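Subject: Structure for your files

Dear colleague,

Here is the structure I said I would send. My notes on it follow below.

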Amino acid sequence: MSADLRIEAALKVAGRAVFPAETPATGLLYAALVEAPVASGELRALDPTAARAVPGFVDIVGHAEAEGLKASSNTALIRERTIHFAGQPLALVVAESPGAAEQAARAVRLEIEARPAVTALDQALDQAYAPKLAGRVPAETRRGDAATAIAGAHLVVRGRYETAVNNHHPMEPHAAVCVWEGERPTVHTNTQAVFGTRAAIAHAFQLPADDIRVVARYLGGGFGCKGPLWWPWMFLAMIAARRAGRPVRLELSRAQLFTLVGRRQETVQELALGFGADGRLVGIEHDVLAQTSTHGEYVDATAAVSRWLYACPNVSTTHRLVRTNEPQPIPMRAPGVAPGTFALESALDEAAERLGLDPVELRVRNFADRDQQADKPWSSNGLLECYRVGAERFGWAGRPAPGAARDGRWRLGSGMATACYPVHRQPASARVRISGEGALTVQCGTQDMGSGTYTVLGQMAAAQLGVAMADVTVELGDTWLPEGPYSGGSMVTLSILPAAEAAARQVRAQLAELAVTDEASPLAGLPVEDLEFADGLVRSRSGNAAEPLVDLLRRRAPAGLEAEASATPPEASDVSGMGYGAVFVEVGIDPDLGELRVRRVTAAYAAGRILNPLLAKSQHVGGLIGGIGMALHERTVTDRATGRILGDGFADYLIPVHADMPEFDIALVDEHDPHLPGGVKGIGMLGSAGVQAAIANAVHDAIGRRVRHLPIRIEDLL
Amino acid sequence: MSGAAFRYARAADPAAAVTLGAAPGAAFLAGGTDLLQLWKAGVQAPAQVVDISRLPLATVAAEADGLKLGALARLHDVAAHPDVARDYPLVAEAILASASGQVRHMASVGGNLLQRTRCVYFRGGEGLACNKRAPGSGCGALEGENRQHALFGGSAACVATHASDLAVALVALDAEVEVLSAAGSRRLPLAELYRQPGEAPERDTTLAPGELIAAVQVADAARFAGRSTYLKVRDRASFEFAVVSVAAALVVAGGRIAEARLAAGGVGTVPWRLDAAEAALVGQPVGPDAFAAAGAAATEGAQPLAHNGFKVELLRRAVVRALETVGGQA
């Protein structure tokens, strides 16, 4: 398909796209959260007297009210009085204005029995434990005998790799506008899962799902944080709206995005790679220690990449967790793979140096031609082509010797790494409708995070029925529409596209049938297989017969036609799906002053059929910028004394600015995948994997120093 | 977040401003680029905001006896002024290394000099110990996160750095400030405007309540114009405060350093003049030996904390680099 612009681009640029927080509601009340001042303890009492005195105060909702909700992991934090982290909401105040709500929230007096808090991972190492699962895969795996293989290896590369806490920080903070009509709530909220949110509401409030509507027409990004951790605070706002009999809006502050909606967990990774004299991996041991909260368990599958990225007969991986009184981690763009490839791809680079091999050649030698962990063939695998294309475009073969290149005060270095992300898919439904006047509508409940779902669905339907993009409307982000999956794991497009494509084909088949059976049509009597839909026409492939689609509709289907279809991934697949990339980076370092600039990034990605190259490149560039942030800037800091987040705003939590962004050269490698529906793989995560290690490897190339922790900062380079 | 309610008054003229500003809890508002942040975060809750942004104090004038910057001149306008760019490039460079284009169009000279520290304990609001924000509450940074904190001028009560780039350049150039109050006007060296925290870190400056900076005066410094630089090392390429910065200016005659000005940012509780480093330069032949001696002298007396020790070496190197940049051919 073509490189169309986002179909909602003009709306967004002009400010006419209505985001959930902007939903108009008559009689709207404003909410503010009362936050715990300590990182651990018990709420003994809450005195709202002073809050009630604030002009405009309307109501306060706390544990007593939340106890009416059904107990679950989604309601535990608001039903129980235990304080697990500093900033944990203990109540919600509603008032006639946002200012009054905040003022009243600050006036609430809290009586808290504080307890000693664990505010850093290293304070409770002795209490580390092994979870059963890392995300959706086992936390511990063993293939062959890694320890023995490494003990007898020709070369062993061992290292400890550390990654900092990151926060997601979509441009648009979380918000909910909650409206009740009797016992039927409508919640406009920027969630990555309208249907998951509806199910959570149904469970918590014990309501039929059909009575609940969740709407998220547009999202200003998510990156993983617009999910379940938002629900408890949204529930408080819903309770307040029901009690007040008026709509309530809760909108988080930037500072609250550091505490209330998740983070990328801190990792300490011990990695050992054993190689034979031929440069082939003989053993991998990858052991991960990571932070989780005292109230929830989450572990990124950080070591999972070591199970399948390279061919190796002996692999052992483990994950352990330490509970701290800090905010709860959740998936963040390229979960697991981002920190995991930092370790693995840094170690590969070190091994290449010690083996005297080109880093690309070492990777080619260790290419996994099947998924050894799952013991299945790949559905398709374009990794070798990514290496070739990326290296060629970057000029890898002609790069200067390590440490040799300079540009004024800058010493230049080049590095590369592999990027990968598994293909995930969920069941989805979609509806396609064409009006009697030829207006085409595609409907799917799944929301568009801002990455282009509206556009690719519209492009697909337009192509199927041969109508212009201008005649297509796409409706998303509403539980009143057909059900689709959550936006995460790079799976929206490949989940909903097959459903929407099937619905469009059904509409096309109905139209074809009408045409060939209508004596008034020039297509009458033709076999339906001979018809094609293009340029607004229904026409014969073999002859000259044709008529405008709209004529056929007016005559035979003046009320329009529609079809709904579902697509469900098979319960078990006999192939493994994986998207790949190869990232090449040039950095400049001023070793006297410790300054580092990423000067050039070339990345080649093989991720199945590309529906819209413009949107795909945009996804990759965004992912790469996030990866540069993780590599060089982003670091959420907890004050050990208090457990509070320090510098909880964009003045202190640094993200790349334009001056930190180099020119990005993105190559989309053609890949035909015969096994996945539509040949589509996810692409959203790929850009945020691999680039961190590529930067660290380029640092080593420039100044001969291995930095094994992120972010890499001035003091690491002096 | 929004801050607490306040009374707002727009000063009709400088005399009205100093009268209104003398009231307890009053704060002057010019560009608002710092005050609004502090107010939103609840760090500063002025009872009375005195809007001085429309007062006629925005002159930028380079004359024979020096450069005069009205306190309300916008940073952008100062840096873009052709006379400043020609005769006081150190000032222009320091400004252009500050903040972002949008901020520089709003921020005023006076407000920039009086901006409060970026210490995360100060800005973090209640719940974090900070003697500057809440006297007597302690200093969270001393034993906490102190990578950004000072090597020089700290006390047991406070180790927060001063964040202005412009102030570093102006201190190097011996700038003076003209201060108005109900009692009239006075003039003092900019270096004396700032006070080290000692036991009263809540007081950043020697200004009395209601005193208003009207202008900054820099004595003729055109002799430095060919040999000055502002070097800023930071954690990203733009829109970020200094980890270490150095303002350097030399006058060279006959191959020897006749005059040297050095000041550093990111390392002191106030803009830090490097007197010992200057002394190590004056009279010496221009060259690596003198620069190395100055670099070493610049770090004398540094008192690193747990996380900022790298800034000692970084300061030494930054001083040497800045001198190499301005040293040029003897």
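**Helix contact in chain A**

In this predicted model, helix α10 (residues 337–355) of chain A and helix α17 (residues 691–703) of chain A have axes that come within 8 Å and cross at roughly 30 degrees. The crossing of α10(A) and α17(A) is right-handed. On the α10(A) side the contact is made by A:Ala338, A:Thr341, A:Phe342, A:Glu345, A:Ser346 and A:Asp349. On the α17(A) side the residues are A:Gln692, A:Ala693, A:Ala696, A:Asn697 and A:His700. By class, the contact of α10(A) with α17(A) has 4 nonpolar, 5 polar and 2 charged residues.

**Domains of chain A**

Chain A is divided into domain 1 (9–116 + 170–253), domain 2 (267–424 + 573–717) and domain 3 (428–567). Between the C-alpha centres of domain 1 of chain A and domain 2 of chain A there are 36 Å. Across their boundary, 13 residues of domain 1 of chain A are in contact with 16 residues of domain 2 of chain A. The side of domain 1 that touches domain 2 in chain A consists of 8 nonpolar and 5 polar residues, with no charged ones.

**Where the chains meet**

Between the two chains, 29 residues of chain A are in contact with 23 residues of chain B. Three elements of chain A, namely α5 (98–107), β30 (595–606) and α18 (714–717), each supply at least two residues of the side that touches chain B. Of these, α5(A) gives the most, with 3 residues. The side of chain A that touches chain B has 12 nonpolar, 6 polar and 11 charged residues.

As for confidence, the predictor gives the complex an ipTM of 0.97 and a pTM of 0.97. Chain B averages a pLDDT of 96, and 99% of the residues in chain B score at least 70.

**A sheet in chain B and the helices on it**

In chain B, 4 strands form an open sheet in the order β9-β10-β11-β12, with antiparallel pairing. The edge strands are β9 (228–233) and β12 (272–273) of chain B, each of which pairs on one side only. Strand β11 (residues 256–265) of chain B is joined to β12(B) by 2 bridges, and the two run antiparallel. Here B:Ala263 stands opposite B:Arg273 in β12(B).

Which strands does each helix lie across? Helix α5 (residues 89–96) of chain B lies across β9 and β10 (244–253) of chain B, and runs at about 15 degrees to β9(B). Helix α14(B) lies across β9, β10 and β11 of chain B, running at about 35 degrees to β10(B).

**Helix contact in chain B**

Helix α14 (residues 310–327) of chain B also meets helix α13 (residues 288–298) of chain B: their axes come within 8 Å and cross at roughly 145 degrees. The crossing of α13(B) and α14(B) is right-handed. From α13(B), the contact takes in B:Phe291, B:Ala292, B:Ala294, B:Gly295, B:Ala296 and B:Ala298. From α14(B), the residues are B:Leu315, B:Arg316, B:Arg317, B:Val319, B:Val320, B:Leu323, B:Glu324 and B:Gly327. In the contact of α13(B) with α14(B), 9 residues are nonpolar, 2 are polar and 3 are charged.

Regards

Conventions: Residues are numbered from 1 along each chain as its sequence is written. Chains are lettered from A and ligands numbered from 1 in the order in which they are written. This is a predicted model: local features need pLDDT of at least 70, side-chain atom pairs count only at pLDDT 80 or more; totals for chains, interfaces and linings use all residues. Axes are lines fitted to C-alpha atoms, for helices over the stretch in contact, and angles run from 0 to 180 degrees between N-to-C directions. A crossing is left-handed if the near helix is turned anticlockwise from the far one by less than a right angle, and right-handed if clockwise. Two residues are in contact if their C-beta atoms, placed from the backbone, lie within 7 Å. Ala, Val, Leu, Ile, Met, Phe, Trp, Tyr, Cys and Pro count as nonpolar, Asp, Glu, Lys and Arg as charged, and the others, Gly among them, as polar. pLDDT is the predictor's confidence in each residue, from 0 to 100. Domain bounds come from an automatic or database domain assignment. Two strands pair if DSSP finds at least two bridges between them.
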